[in-house]
Each structure stands twice: as structure tokens, then as C-alpha cells.
Amino acid sequence: MCMSCIPRTWNGQSVDNAPSPVPPPRRSSLGAPGVDFGLLADVCVGHNAYDVTLDAYFDQAAWAALPALPPRALRGAGRLVKLVASEEGVLRAAALPPAGLESLVRWGPEPSEPGEPVALTVDNNSCAGYAWLLHADEAVVAADCAALHELQAAGRLFDVDSASGAES
């Protein structure tokens, strides 16, 4: 879908273009394959690109009610943390969220259940899942992010039997 096909006003003047013959995409909570950015945007900004895109096509009143500019300040702090598997093998125990992370609102490790193979994280595409951090205080989010990075660096995020080797 091209952005020039979305009707919009700017400074009170219509900048509408002809509607696209291509139907709008189905609603998805994914910002990239397997990644839900909608939650972070809803909380921190007040809306997300998925709902806004649908509003542009199907709910002109909601579309018109959107602010012309982003907010001057975010409504909260949020981070999407990519989880890193520092060793490969087989998961010995369920990948439970680490205790004490005040801003952790969603935990999405892949793998997550005992017996599942754990592949070594070597780049952004091979990450071992995601942790969604949200809080009113940016310092809390930063501290929780640092704690996750420490666990990952120490190899304590996943309980892996590295002698078993990972399955392909």
C-alpha cells in the first residue's frame, strides 16, 4: 500500500488522493514479522499505525480526530527488547520471565517450553523472542532493560542443555 493513497488533512487543507484500488491490509498487531509494536505505540503515543490506517479507510470521524502532529511528550516509556540466546542446545526448563522487572508487561521467548531446541542468536533475525517493557518512569524501563541485557550476557536467560545440541 502506498502512503499517497491515504486521505489526510494537513493544516486544515485536504491532501486527499484518489483511493487505491488495492484493499487495505488486514489488521495485524505485527510491526515486523513476529513483533507487536501496537501495544507500545498505543501506550506511549496514544494510537498505532494499524488502527490509524484502518481509520483512514473505514472511519473518517476517527481519522479526522487524530492530532495533526505527534505529541510533544510521550505518555510513558517503552522498549521492545530482543532476547538473545547465548548458547545453543535444548531448553531444560520453561523460559519464565525474570523476577523483579517492574516494567515487563509481555514476555515472548522463542523457545519457551522444555525440550524445544534453542538456536544461538547471531543476528537480529535469529533473536530468541521479545520482552515488552512499559512504565510511566523511563528510568524503570532503562533499569529493566539493563537487567535483561545482564542476564543475556551471563547466559542466564534460558536454561539450556548445551550438551544435547540444537536441532535444525
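The secondary structure of this chain, taken from a predicted model, comes to 4 helices and 8 strands, and read along the sequence these elements follow the pattern β-β-α-α-α-β-β-β-β-β-α-β. The chain has 168 residues, of which 32% count as buried.

**The chain as a whole**

- Among the contacts between residues at least 6 apart in sequence, 71% join residues that are at least 24 apart.
- The accessible surface of the chain comes to about 10,100 Å², and 55% of that surface belongs to carbon and sulfur atoms.

**Thr-121, in a loop**

- Thr-121 sits in the loop that runs between strand 6, residues 117-118, and strand 7, residues 129-135.
- Thr-121 has a relative accessible area of 16%, and it therefore counts as buried, since the cut-off for that term is under 20%.
- The side chain of Thr-121 reaches the backbone nitrogen of Ala-85 at 2.8 Å, while a polar atom of that side chain lies 3.3 Å from the backbone oxygen of Ser-126.
- When neighbours within four places in sequence are left aside, Thr-121 is in contact with Leu-83, Val-84 and Ala-85, and also with Ser-126, Cys-127 and Ala-128.

**Val-160, in strand 8**

- Val-160 belongs to strand 8, which covers residues 160-161.
- The relative accessibility of Val-160 is 5%, so this residue, too, counts as buried under the 20% cut-off.
- Apart from neighbours within four places in sequence, Val-160 is in contact with Glu-87, Glu-88, Gly-89, Val-90, Arg-92 and Val-118.
- Pro-114 is 46 residues away from Val-160 in sequence, and the two are 9.2 Å apart in space when taken from C-alpha to C-alpha.

**The cavity**

- Rolling a probe the size of a water molecule over the atoms shows where empty space is left.
- The structure holds 1 cavity of 30 Å³ or more, and the largest cavity has a volume of about 50 Å³.

Notes. Residues numbered from 1 in each chain as written. Predicted model: local features only at pLDDT ≥ 70, side-chain atom pairs only at ≥ 80, totals over all residues. Heavy atoms only, no water. Helix = DSSP H or I, 4+ residues; strand = E, 2+ residues; numbered from the N terminus. Buried < 20%, exposed > 50% of the residue type's maximum accessible area, 1.4 Å probe, protein only. Polar contact = N/O pair within 3.5 Å; in protein donor to acceptor, adjacent residues only side chain to side chain. Contact = heavy atoms within 4.5 Å. Areas by Shrake-Rupley, 256 points an atom, 1.4 Å probe, with all protein chains shown as cover. 1 Å grid on protein atoms, 1.4 Å probe; cavity = no way out; pocket = protein on both sides within 12 Å on 5 of 7 lines; lining within 4 Å. Points joined across faces, edges and corners; volume = space filled by probe spheres on them.
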